[in-house]
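Hi,

Here is the structure I said I would pass on. Have a look at it first, and my notes follow below.

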Amino acid sequence: MDDKIFEKTLSGFVQDFANGDAIRHLADKGFTVPEIKSRLDFPASQTLVAKTVWDHFVATAKILPGSPETAKKEKVSYVKEIGEYGRVSFRQVREELSGDDNEYIPCDFGLDMMRDRKAFDEKLKKLDDKDRDYVQCLPWPRARVWHVKDERMTRIMVLYKGE
């Protein structure tokens, strides 16, 4: 049992070392999960890429698991430190954000997918390929989440809800 946990942890570490920064960078640039996967130098599953993107969006508050009013406004970053003898280490730094000026849109994609997959797929047909990939490939939970109101999500919600 311990060997499997170690292997899983090591595998996660290797994947993050090999692809983590590239995945997060491409996600910030607006690439979808399939586009990111096709651009990686080190092979990774689409599931792993999607999870990395999702975790990054949650960590950067692009997606909030709870309502924006109750969300803790905190930025997490890592600082590289080099010791006296050249030893490199990373220290986690948490900053409380004074105010979040972002507007958020409620997203029920995970709930809609669970309730009626056929209706969900019909709504997605209204979207262009990139927007459809953005919605389909992220691991939306079976609960309401809040997404930053950016150009892409505004366009998606207008077409998805038929407004």
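The buried residues of helix H6 are covered by a set of elements that includes helix H2 (33–39), helix H3 (46–59), helix H4 (109–115), H5, strand E5 (145–148) and helix H7 (151–161). The buried residues in question are Asp131, Tyr134, Val135 and Cys137. Here buried means under 20% relative accessible area, with exposed over 50% and partly exposed in between (1.4 Å probe, protein chains only). Helices (H or I, at least four residues) and strands (E, at least two) are DSSP runs, numbered from the N terminus.

Before you go further: this is a predicted model, where local features need pLDDT of at least 70 and side-chain atom pairs count only at pLDDT 80 or more, while totals for chains, interfaces and linings use all residues. Residues are numbered from 1 along each chain as its sequence is written, and side-chain values use heavy atoms, leaving out hydrogens and water.

Now, how does H5 pack with H6? Helix H5 (residues 117–124) and helix H6 (residues 129–137) pack at an angle of about 150 degrees, with their axes 10 Å apart. The axes are lines fitted to C-alpha atoms, for helices over the stretch in contact, and angles run from 0 to 180 degrees between N-to-C directions. H5 and H6 are therefore roughly antiparallel to each other (the label for angles over 145 degrees). On the H5 side, Phe120, Asp121 and Leu124 make the contact, and on the H6 side Arg132, Val135 and Gln136 do. Contact means heavy atoms within 4.5 Å.

Strand E5 has a residue to look at too: valine 148 sits in it. Valine 148 counts as buried because its relative accessibility is 14%. Leaving aside residues up to four places away in sequence, valine 148 touches Ala61, Lys62, Asn102, Glu103, Tyr104 and Met153. The C-alpha atoms of valine 148 and phenylalanine 57 are separated by 9.7 Å, although these residues are 91 apart along the chain.

Finally, the whole chain. There are 7 helices and 5 strands, in the order α-α-α-β-β-β-β-α-α-α-β-α along the sequence. Of the 163 residues, 31% are buried. Taken along the principal axes, the C-alpha atoms fill a box of roughly 60 × 40 × 30 Å. Among contacts between residues at least 6 apart in sequence, 59% join residues at least 24 apart.

Cheers

How values were computed
Parallel < 35°, antiparallel > 145°, perpendicular 65-115°, else oblique.
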